[in-house]
Amino acid sequence: MSRNENRTETIDPEFLAEGSPQPVTTTPPGLNTAPAAQSAFNWAMPTEFVELPSEGRFYHSDHPLYNQKTVEIRYMTAKEEDILTSRALLKQGVALDRMLQNILVDQQVRVDSLLVGDKNAILVGARRTGYGADYTTTITCPSCNTPSEFTFDLEDPPSNNAWDIVNNSDEVVMTSSGVFKFVLPMTKVEVECKLLTSADEAAFSKSLQKKSRREDAGSMTELFRTYIESVNGETSPIMKETLIQNMPARDARYLRNKYSEIVPNIDLTQVYSCTNCGYEADMEVPLDVNFFWPK
């Protein structure tokens with residue numbers, strides 16, 4: 001995440017009369033301003049450029065973020081807080097997406113078309129511009145069950161270099177259609193996997209909720225169904241389901257690990273330490289609506 005450090009100028013309308021002096025004011029260093037985001041009080045709304053983990057490399061050529069390394073967002077305002085607290089939007093599960101869509105400067109970029117990792121980066125950028133880089137929340141220790149406050153640092157989280165991983169891998173091939181092929185070690189089956197978008201993630205969550213009451217429902221197999229595109233070149237649902245239901249554990253583990261390597265994303269894992277018993281573990285920042293309401 002980076003801020004644009006260009007200084008921009010705005011002109012007070014009362015000085016625009018012909019022959020009148022035209023003094024200018026400048027915005028503070030470190031803030032960019034979106035020309036279309038002028039307020040009624042004649043100040044420019046600050047914006048920030050968020051670095052995309054994908055660097056725009058995994059989008060189709062007709063996507064507005066194709067080969068774009070950053071995306072510009074407006075700082076959150078009270079309007080965005082209203083969106084995040086809307087009962088109707090919360091009930092529909094779309095409050096976060098609606099808020100994100102509202103702060104994107106380029107409205108040609110649709111939230112549902114964002115790769116999941118890029119969406120996560122924008123969420124963190126929005127949270128940081130709205131409330132700062134420290135996110136304090138209550139965590140219950142997995143060892144002693146003692147709840148305590150823990151602060152996550154959201155300043156410039158690292159991201160994996162998925163592009164280099166794919167380019168330098170002898171095991172993964174990226175096709176011209178943007179899917180990834182690799183061979184499972186035990187069955188020698190070739191699978192093609194796609195990178196999930198925000199829309200895919202929402203469909204996965206909805207499908208998982210519908211199946212949650214079934215004894216045989218599992219999040220991992222459902223995730224396989226979401227991102228596996230073909231099996232040995234066959235795209236039929238029967239072929240994919242046959243693999244998913246009969247895949248050896250070693251192949252399933254390989255698929256999970258290999259897929260996580262090629263997905264461009266930010267790393268929100270930080271070391272949690274219990275103040276009561278000293279237990280330590282890696283813990284990931286939860287990206288939900290509560291993420292935007294600091295203590």
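Modeller: Before we start, a definition: rings of Phe, Tyr and Trp (its six-membered ring) pair if their centres lie within 6.5 Å, and planes under 30 degrees apart count as stacked, over 60 as edge-to-face and the rest as tilted. This is a predicted model, where local features need pLDDT of at least 70, side-chain atom pairs count only at pLDDT 80 or more, and totals for chains, interfaces and linings use all residues. Residues are numbered from 1 along each chain as its sequence is written, and side-chain values use heavy atoms, with hydrogens and water left out.

Colleague: Thanks! How many aromatic pairs are there in the whole structure?

Modeller: The search turns up 10 aromatic pairs. One of them is Tyr135 with Phe291, edge-to-face, at 5.0 Å centre to centre and 80° between the planes.

Colleague: Where in the chain do Tyr135 and Phe291 sit?

Modeller: They come from distant parts, 156 residues apart: Tyr135 is in strand S6 (residues 134-140), and Phe291 is in the segment after strand S13 (280-284). Strands (E, at least two residues) and helices (H or I, at least four) are DSSP runs, numbered from the N terminus.

Colleague: Buried or exposed, those two?

Modeller: Both Tyr135 and Phe291 are buried. Buried means under 20% relative accessible area, exposed over 50% and partly exposed in between, with a 1.4 Å probe and protein chains only.

Colleague: And why do Phe291 and Phe292 count as edge-to-face?

Modeller: Because their ring centres are 5.4 Å apart and their planes are at 85°. Phe292 is buried as well, like Phe291.

Colleague: Which charged end sits over the ring of Phe291?

Modeller: That of Arg127, 5.6 Å from the ring centre. The rule asks for NZ of Lys or CZ of Arg within 6 Å of the ring centre and within 35 degrees of the ring normal.

Colleague: New topic: which residues of helix H3 are buried?

Modeller: In H3 (residues 95-103), they are Ala95, Leu96, Met99, Leu100, Gln101 and Ile103. Their cover includes strand S5 (70-74) and helices H1 (78-84), H2 (87-92) and H4 (116-131).

Colleague: Last one: where is confidence lowest and highest?

Modeller: Strand S1 (residues 9-11) is lowest, at a mean of 40, and S5 is highest, at 97. That is pLDDT, the predictor's confidence in each residue, from 0 to 100. The chain mean is 83, and 81% of residues reach 70 or more. Over residues 33-37, pLDDT stays under 50. Where pLDDT is low, the predicted coordinates should not be read in detail.

Key: Contact means heavy atoms within 4.5 Å.
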